[in-house]
Amino acid sequence: MVDLIWGRYSLLFYLFLLSVVSGVAGFLQPYFLVIFVFSFLLFIIALRDFLQKKRSILTNFPLLGRFRFFLESIRAELRQYYWEADDDEVPYSRNQRTMVYQRSKNIEGVRPFGSLEKMYDDDFVWLNHSITPSSILNSDFRTKVGIGKNSYDMSVLNISGTSFGAISPPAITSLNKAAKLGGFAHNTGEGSMSKYHEEGGGDTIWQISTGYFGCRKKNGDFCSERFEKIAKKKQIKMIEIKISQGAKPGHGGMLMAPKVTKEIAETRGISFGKDCVSPANHREFSNPNQLINFAKKLRKLSGNKPVGIKMCIGHPWELISIVKTMVLKKEYLDFITIDGAEGGTGAAPAEFTDHIGSPLKDAIIFVDNALIGANLRERVKIGVSGKIVSAFDMAHMCSLGTDWVNMARPFMFSIGCIQCRSCHTGECPTGIATMDPLRYRAIDIEDRSQRAFNFHKNTLFVFKELLESVGVKHPSELNRRHIVRRLSESEIRLADQIYPKVEKGELIKKGKINVDDPRLNVYWNKVSSNSFNYI
């Protein structure tokens, strides 16, 4: 009885009482009927909560318990706008997002009153500057990828894989149009080349995934004819074979049937209204030799455009087997895109996101060492992606060994993403990660493409200034001696002193291998072209 009158069921009791009193009073004064209708409806809702058994909180706290679920539903927004510290990375901090917003709107992003960084904390990283800074006239830094007339001059900053279907049609067009405005590249992601990419008109990298979307037969096998037809389009500059993704390496995926619209089905070459499965493995190859042959086949079908792979580094012997196969066959990938485990996705199992795959910096060192040791570093270029957001992040990655960087989430910020982390629900409040026309109508393509272009332009300008302060003229001149890391209160080291080094061509010299990187030492002579495993 106490619970009924004063405790957790009190609201149910008083709503019933108010309904009875207002209902009786309604016979005397009609306006009491309004109170009766309102209170009776709330009583019915509370009674329904009391009787249901699916949610214990609603059973024990009828109606009141709904406030708990309401507050939970807006927890991310409350945290972001009221309680989140400026440097809380969840996964991007307010400082990082603000920097992107400012650059996308051409607002000067200066930092008043000193740094907010804790410079004496372990693992703090900085760039060493020069007392004789360089002078750079042009911030349009390029790297040549591939050979022949269809080689591609890749910008140092590009848009990482953003699939049509994962993000909305106007978001795709906005990003691709920004790529055209800035002369940089936009990766299609595994969702294939869509008409919305074509509307943007920008340089495009076509990603070929395990599902072979856009170039598949009805049974899911690779289709040479469909691939050739699309790959020879002038807008497509390079082909990227996706082996694995940083956020969920070794994991396939599925786009559920209700989300497979007619446009998505047409773009991917799949059945409308049926589950779209991305297998974990490729059907076209199962060993390094077949992978290199597949890349060679795609290069020929595309008209000798650069072809490379995208992968998150896992078992070291697998990457080593690919590199060794290139040496033995004297046939090469044009580039390797390394996706760090900190990379993003619309949805992935939490365990995969948090604990599978190599983080980006460690992966760069390993791939760079393998290519240097095999004397392939000048022939095979390296691109990277995975939670890179600032010009300093770019300089950091280039110092460790990459030729260019790709960003996805920062470019999404530039066109309006607020990091509400509802990408997997289809209910993105900004209209970016959704296929709901009523939501994505909010995106003005002309305005958002200009913002993404501004972010690229202004980030490269700061990147140029960083290079000038270091005393170099091109990111290719950066190396591990330019990066400094604090290991403890009293110990700092250059990255060159922390990470293992490999001399050029050391792995292909005659005699016993003896390099600093233990993975290369152990596995180079234990791998072959016939398997991704080791002997």
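This is a short walk through one predicted protein model, from its overall build down to a few single residues.

Okay, a bit of housekeeping. Because the model is predicted, local features need pLDDT of at least 70 and side-chain atom pairs count only at pLDDT 80 or more, while totals for chains, interfaces and linings use all residues. Residues are numbered from 1 along each chain as its sequence is written, and side-chain values use heavy atoms, with hydrogens and water left out.

So, the whole thing. The protein has 21 helices and 17 strands. Those are DSSP runs numbered from the N terminus: H or I with at least four residues for helices, E with at least two for strands. Along the principal axes, the C-alpha atoms fill a box of roughly 105 × 60 × 50 Å. Of the 535 residues, 49% are buried. Buried means under 20% relative accessible area, exposed means over 50%, and partly exposed is in between, using a 1.4 Å probe and protein chains only. Now take contacts, meaning heavy atoms within 4.5 Å. Among those between residues at least 6 apart in sequence, 68% join residues at least 24 apart.

Next, the inside. Which residues touch the most other members of the largest nonpolar core? They are F227, I338 and F463, and that core has 105 residues. Helix α15, residues 360-373, gives the most to this core, with eight residues. A nonpolar core, by the way, is a set of buried Ala, Val, Leu, Ile, Met, Phe, Trp, Tyr and Cys residues joined through side-chain atoms within 4.5 Å. Leaving out residues up to four places away in sequence, F463 touches F141, V156, A391, M394, A395, C398 and P475.

The axes of α7 (94-104) and α19 (445-470) come within 7 Å and cross at roughly 105 degrees. That makes α7 roughly perpendicular to α19. Axes here are lines fitted to C-alpha atoms over the stretch in contact, with angles from 0 to 180 degrees between N-to-C directions. Angles of 65 to 115 count as roughly perpendicular, under 35 as roughly parallel, over 145 as roughly antiparallel, and the rest as oblique. From α7 you get V100, R103 and S104; from α19, R451, N454, F455, N458, T459 and V462.

Staying with α19, Q450 lies in that helix and is partly exposed, at 36% relative accessibility. Q450 and S414 are 36 residues apart in sequence, yet 9.3 Å apart in space, C-alpha to C-alpha. N479 sits in the loop between α19 and β14 (483-488). Its C-alpha is 8.8 Å from that of A495, which is 16 residues away in sequence.

Two loop residues to look up on your screen. N106, between α7 and β1 (125-127), has a positive phi of about 60 degrees although it is not a glycine. K330, between α13 (316-329) and β11 (335-339), also isn't a glycine and has a positive phi of about 55 degrees. Buried or exposed, K330? Exposed, because its relative accessibility is 62%. N106 is partly exposed, at 44%.

Last stop, α2, residues 10-25. Its buried residues are S10, L12, L15, S19, S22, G23 and A25.

Note on methods: The expected span of a helix is 1.5 Å times one less than its number of residues.
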